[in-house]
Amino acid sequence: MALQLIKLFVAATTTTEAAPSTTRFFYITTAETAEGATLTIDAASFLQDDGSQATELPTLATNNSYFNVYVNGVLQMADISTYTPGATGVGSLAITVPTGSGSIPANTPIVLEIVQFAPTSNTTVTT
């Protein structure tokens with residue numbers, strides 16, 4: 001019999017699901033924030049979806065989460081806001097009002113939306 005190359009046959013299939021989880025926080029401004037100023041909202045100043053007082057802003061998972069900021073229902077550009085996770089006194093959302101864009105009036109709704117993903121993978125190997 002002639003020499004033969006013997007190979008191992010392996011097939012693998014991976015299925016990945018990314019289950020999103022959305023959390024929203026709500027705040028109504030109490031005073032005007034002028035152009036060039038920064039509005040800083042403490043974690044405890046937000047209300048949660050169920051109307052209860054927030055006590056903490058969640059930590060964002062690296063590469064599996066993001067946040068959006070809406071001012072008066074309009075999605076804002078990423079570079080005007082800074083998100084800091086944590087409890088009251090630590091956790092906050094800071095919005096810097098760009099010069100030339102107008103102020104944020106009192107009684108303006110601010111919505112902070114946090115989306116986190118919990119990816120799971122299942123691999124089946126057949127030999």
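What share of the contacts in the chain with a separation of 6 or more comes from residues 24 or more positions apart? The share is 76%, where contact means heavy atoms within 4.5 Å. This is a predicted model, in which local features need pLDDT of at least 70, side-chain atom pairs count only at pLDDT 80 or more, and totals for chains, interfaces and linings use all residues. Residues are numbered from 1 along each chain as its sequence is written, and side-chain values use heavy atoms, with hydrogens and water left out.

**View 1. The whole chain, built from strands.** The chain has 0 helices and 10 strands. Helices (H or I, at least four residues) and strands (E, at least two) are DSSP runs, numbered from the N terminus. Read along the sequence, the pattern is β-β-β-β-β-β-β-β-β-β. The C-alpha trace spans about 90 × 35 × 25 Å along its principal axes. The radius of gyration is 23 Å, whereas a compact globule of 127 residues would have one near 14 Å. That radius is taken over C-alpha atoms, and the globule rule is 2.2 Å times the number of residues to the power 0.38.

**View 2. The surface of the chain.** Accessible surface comes to about 8300 Å², by the Shrake-Rupley method with a 1.4 Å probe. Carbon and sulfur atoms hold 55% of that surface. Of the 127 residues, 25% are buried, meaning under 20% relative accessible area (1.4 Å probe, protein chains only).

**View 3. Glycine 91, in a loop.** Glycine 91 sits between β8 (86-87) and β9. Its relative accessible area is 0%, so glycine 91 is buried. Beyond four places in sequence, glycine 91 touches Ile41, Asp42, Ala43, Leu57, Thr84, Pro85 and Gly86. Alanine 34 lies 57 residues away along the chain, with 23 Å between the two C-alpha atoms.

**View 4. Serine 92, in strand β9.** Serine 92 belongs to β9 (residues 92-96). Serine 92 is buried, because its relative accessible area is 14%. Its contacts beyond four places in sequence include Thr40, Thr82 and Tyr83.

**View 5. The largest pocket.** Its volume is about 240 Å³. Of the 14 lining residues, Val71, Gln76, Ser101, Gly102 and Ile104 are closest to the centre. On a 1 Å grid over the protein atoms alone, a pocket is an open set of points where a 1.4 Å probe fits, with protein on both sides within 12 Å along at least five of seven lines; lining residues have an atom within 4 Å of a point. The lining has 8 nonpolar, 6 polar and no charged residues.

Definitions and conventions: Buried < 20%, exposed > 50% of the residue type's maximum accessible area, 1.4 Å probe, protein only. Points joined across faces, edges and corners; volume = space filled by probe spheres on them. Nonpolar A, V, L, I, M, F, W, Y, C, P; charged D, E, K, R; others polar.
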